[in-house]
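Dear colleague,

My notes on what was found in it follow directly after.

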Amino acid sequence: MGSITLQKVSKVFGEAKVIPSIDLEIKDGEFVVFVGPSGCGKSTLLRLIAGLEDVSGGKIVIDGKDATESAPSERRLAMVFQSYALYPHMSVRSNIAFPLKMAGMAKPEIDKKVADAARVLNLTDYLDRKPRALSGGQRQRVAIGRAIVRQPSAFLFDEPLSNLDAALRVNMRLEISELHQQLKTTMIYVTHDQVEAMTMADKIVVLNRGNIEQVGSPMELYSKPRNLFVAGFIGSPKMNFVPQGSQTLGVRPEHIQLSMESGEWKGKVVVAEHLGSDTFLHVNVEGIGQMTARGDGSFPAKAGDTVYLTADKARIHRFNEQGLAI
Amino acid sequence: MARRITTQRKVIVTAVAWTIGIVLFFPILWTFLTSFKSEADAIASPPQFLFFHWTTENYLEVQSRSNYFSHFLNSVIISFGSTLLGLIIAVPSAWAMAFSPTKRTKDVLMWMLSTKMMPAVGALIPIYLLFRNTGLLDSRIGLVVVLMLINLPIIIWMLYTYFKEIPGEILEAARMDGASLSKEIIYVLTPMAVPGIASTLLLNIILSWNEAFWTLNLTASKAAPLTTFIASYSSPEGLFYAKLSAASTMAIAPILILGWFSQKQLVRGLTFGAVK
């Protein structure tokens with residue numbers, strides 16, 4: 001079991017209201033991603049759930065029990081930190097065994113559980129090494145191992161992949177998703193990377209300045225952003241915003257038809273990024289300004305060329321003066 | 001780009017460094033040499049450097065006149081005892097200030113340091129009276145407590161600096177892993193801070209070993225450590241330089257040997273965190 005409910009949770013540091021008031025429901029077994037720009041309060045929110053910070057107001061309910069005042073160790077949650085936070089003076093084996101030892105488990109049982117976790121995470125050959133003798137990806141796996149052995153009711157991940165290089169990040173992303181499918185345990189994952197959010201989440205919580213902007217599945221957020229902030233944050237490259245009277249039109253780069261001959265908007269290519277599979281054109285459009293459009297990999301435009309852009313009418317987003325979707 | 005250093009500059013710098021080193025070391029060397037002279041040679045003018053009649057009679061005399069080993073034992077008990085007691089108090093204090101600071105933490109640290117700025121003699125009368133009235137005069141336990149108290153600010157400051165270097169996330173990980181506060185300190189914090197704790201320990205043993213003000217004023221014979229033992233040779237019946245030197249050599253030898261063997265640890269500890 002691992003359902004978590006936040007009721008009017010708030011956090012104040014001195015004068016700064018980091019989180020004004022948040023209500024959120026996380027169901028058992030869900031993979032929830034908190035995403036937002038740096039300083040939006042997503043890590044603070046995770047630390048409040050973990051119990052590493054005290055709430056300034058509101059209630060945190062874990063598995064139906066009020067855990068607002070409980071110590072971190074009493075909440076049955078496991079956390080994976082950005083810096084891995086392995087115990088540097090302990091071997092991999094002792095690192096993974098630590099939570100079990102703290103729980104007072106018998107030695108033979110600990111050994112068995114550590115061996116099982118090591119097998120799942122491909123760490124069997126490294127059990128006697130110290131963390132400093134491991135690569136970044138291996139360290140991350142040890143941190144995950146330490147989290148899974150105690151069979152927590154939920155896992156908390158605080159930007160766990162941001163210290164890894166790009167290729168490894170994609171691998172670990174996959175491993176964490178697979179782990180979730182195997183264990184079917186609730187996971188809360190904090191990231192500023194919207195690609196991680198889109199690829200891993202069952203449910204994304206978009207945060208901005210301590211407030212929830214929108215909660216929904218990745219595709220919901222992508223196709224029905226509630227406001228300008230979510231529209232601009234989800235999707236890569238960013239959605240183009242075109243002012244039209246008091247309203248704002250939103251057009252995703254992938255929903256623009258490119259042509260060298262004719263179209264709705266005429267513009268000059270500033271930068272052309274050829275990725276092989278796709279081409280991203282940054283175009284200076286007359287009367288609008290810079291827009292980004294995606295074409296297929298073979299689209300021949302280069303910097304300085306004149307191109308024509310046509311938006312897919314069915315997929316245009318409209319926002320009112322307050323920035324809310326119409 | 002590496003800096004260019006001329007040979008001439010190198011020679012000058014080396015010579016200056018050696019001169020400073022020798023000047024600093026000379027008093028200790030002189031004490032050591034004097035301890036092997038006869039009293040007459042010790043006050044000879046001009047002083048004799050190496051070519052005198054070497055003798056060990058001072059050492060025999062000093063040992064027969066006063067019991068070196070009882071003073072030595074007192075020194076060991078007082079310096080180790082006060083350091084260990086200080087550590088037991090300082091580890092949790094430094095932990096609290098390093099990992100759970102409040103608005104006033106910096107002020108508390110400054111206040112503790114400021115107590116070291118007051119001349120010790122300013123507190124002598126009240127402490128003396130306290131000791132007399134509680135029967136702690138000339139007792140080891142009394143000295144252990146006093147030396148612990150005067151070194152406590154330094155112990156806490158040093159530990160605080162080392163603890164600050166330990167990433168808070170690791171302690172938070174321990175908390176998430178179900179460690180209670182005491183287990184967090186015992187299994188995670190302390191092992192990680194061992195180099196820092198070791199150098200704090202060493203430095204404080206040295207400081208307490210050499211402490212003379214309180215040990216001289218609060219002891220007479222039973223609890224007297226080696227500092228009192230040395231002082232007893234600068235007595236009213238006249239100065240006996242050779243015997244005083246022998247006593248001094250005997251008093252500083254143990255701590256010098258300890259310092260020599262642990263110098264790597266000491267230097268590492270004192271520069272800990274200076275370079276990341």
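The largest nonpolar core in this predicted model has 136 residues. Those with the most contacts inside this core are V33, M79, L156 and I188 of chain A, together with A94 and L159 of chain B. Helix α7 of chain B, which covers residues 140-164, supplies the largest share of the core, namely 14 residues.

A94(B) deserves a separate remark. Leaving aside its neighbours within four places in sequence, A94(B) is in contact with I156(B), L159(B), Y160(B) and F163(B).

Turning to chain B as a whole, its secondary structure comprises 14 helices and two strands. The C-alpha atoms of chain B fill a box of roughly 70 × 65 × 30 Å, taken along the principal axes. Of the 276 residues in chain B, 33% are buried. Among contacts in chain B with a separation of 6 or more, 77% are between residues 24 or more positions apart.

Helix α10(B), residues 194-210, has 17 residues and reaches 24 Å from its first C-alpha to its last, close to the 24 Å expected at 1.5 Å a residue. Its buried residues include G196(B), I197(B), L201(B), L202(B), I205(B) and W209(B).

The two chains also meet. In this interface, 14 residues of chain B are in contact with 18 residues of chain A. On the chain B side, α8 (168-176) and α9 (181-192) each supply at least two residues. The most comes from α8(B), with six residues. By class, the side of chain B that touches chain A has eight nonpolar, one polar and five charged residues.

Finally, chain A contains an open sheet of five strands, with antiparallel pairing and the order β13-β17-β14-β15-β16. Its edge strands are β13(A), residues 256-259, and β16(A), residues 289-296, each of which pairs on one side only. Neighbouring strands of this sheet are turned by 40° against each other on average, direction ignored. Within the sheet, β15(A), residues 278-285, and β16(A) pair in the antiparallel sense over eight bridges. V283(A) stands opposite M291(A) in β16(A).

With kind regards

Terms used
Residues are numbered from 1 along each chain as its sequence is written. Chains are lettered from A and ligands numbered from 1 in the order in which they are written. This is a predicted model: local features need pLDDT of at least 70, side-chain atom pairs count only at pLDDT 80 or more; totals for chains, interfaces and linings use all residues. A nonpolar core is a set of buried Ala, Val, Leu, Ile, Met, Phe, Trp, Tyr and Cys residues joined through C-beta atoms within 7 Å. A residue is buried if 20 or more other C-beta atoms lie within 10 Å of its own, exposed if 12 or fewer, and partly exposed in between; C-beta atoms are placed from the backbone. Helices (H or I, at least four residues) and strands (E, at least two) are DSSP runs, numbered from the N terminus. Two residues are in contact if their C-beta atoms, placed from the backbone, lie within 7 Å. Two strands pair if DSSP finds at least two bridges between them. Axes are lines fitted to C-alpha atoms, for helices over the stretch in contact, and angles run from 0 to 180 degrees between N-to-C directions. The expected span of a helix is 1.5 Å times one less than its number of residues. Ala, Val, Leu, Ile, Met, Phe, Trp, Tyr, Cys and Pro count as nonpolar, Asp, Glu, Lys and Arg as charged, and the others, Gly among them, as polar.
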